[in-house]
Structure formats: C-alpha cells, structure tokens
Amino acid sequence: MAPGSAELPDRSRLTEALDRLGHELASRGIFAELVVHEGGATVFRLAWSLGGDLSVDVLDFAGFLVPTAVATAEGTDLDPSWLVSVVDRGPIDGTVFELAGTYPEGSTAPGLRLVVADARYLRVMQALSTEGGRI
C-alpha cells in the first residue's frame, strides 16, 4: 500500500489518533500546528514567551511529525500512514475540515493544532519563521 493510501478510520478513531499525537507532542513540550493546504501540509512549532511574543519555526512534516504519528499508531488498529492519508485527502473530501481543532481535545496544554489554511496564511507564517519568528 502506498503512503497515504490507507483507508481512513471513522471520525471517532481519527479524533482518538489526533489526541494521542497531541499528547505525545505535549509530553515533549512541543506545540505544533499542522497546516493542511491543497493536499499538502506544513508543520509549524509555536512557542509563546512570558512577554506574549510568539515564536514560529517550520518543522519537517515527513521527518518530524510522520514518525511521531507512526509511533502513536503502534498498539492500535490504525494504519501507520493514517496521518499522511488525512493530509493527502486534504480539504477536498471534508475530513480535515471536520477534524480541524486542537488536540488533545479539551486540554489546557495541547500539543497539536490542525488547521486548514490558504496560501496567504502559509506565507505569513513562513515569513515569521525566517524573520526570527517573533510577532
């Protein structure tokens, strides 16, 4: 099976998987924003200082987030490429729109935010990351 071609589980299983991924990132002290756009994805690491400044770094989706998602699938019935499948389907089939939000759900310390964005949002976030990432 090609990467990203796995059948998507139902919404409750995907929410559970995103919660697991969010917990894993939060346990590492990471708050990542997975931005899905036109069947692709960009990952930003966000950090706030006590002064209220936001720091933005671009992370590697395949090298950083995918291995973490594969690890969260271990011991479950999820296909290891579940996250790639969600991203590959993008906003086209509506799955990402339905799942957009912060994970783990209801947490005061989330590790993941899933966003559907257009090119303008991506340009601003990438500009912030190259300009020292502070706003």
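Start by selecting P104, which sits in the loop between β4 (101–103) and β5. Strands here are DSSP E runs of at least two residues and helices are H or I runs of at least four, numbered from the N terminus. Show the backbone: the peptide bond joining Y103 and P104 is cis, with omega at about -5°.

Before moving on, a word on the model: it is predicted, so local features need pLDDT of at least 70 and side-chain atom pairs count only at pLDDT 80 or more, while totals for chains, interfaces and linings use all residues. Residues are numbered from 1 along each chain as its sequence is written, and side-chain values use heavy atoms, with hydrogens and water left out.

Next, pick α2 (61–73) and α3 (82–89). Their axes (lines fitted to C-alpha atoms over the stretch in contact, with angles from 0 to 180 degrees between N-to-C directions) come within 8 Å and cross at roughly 125°.

Now jump to L34. Which residues does L34 touch? Leaving out residues up to four places away in sequence, its partners include A41, V43, F61, L65, L83, V87 and L114.

Methods
Contact = heavy atoms within 4.5 Å.
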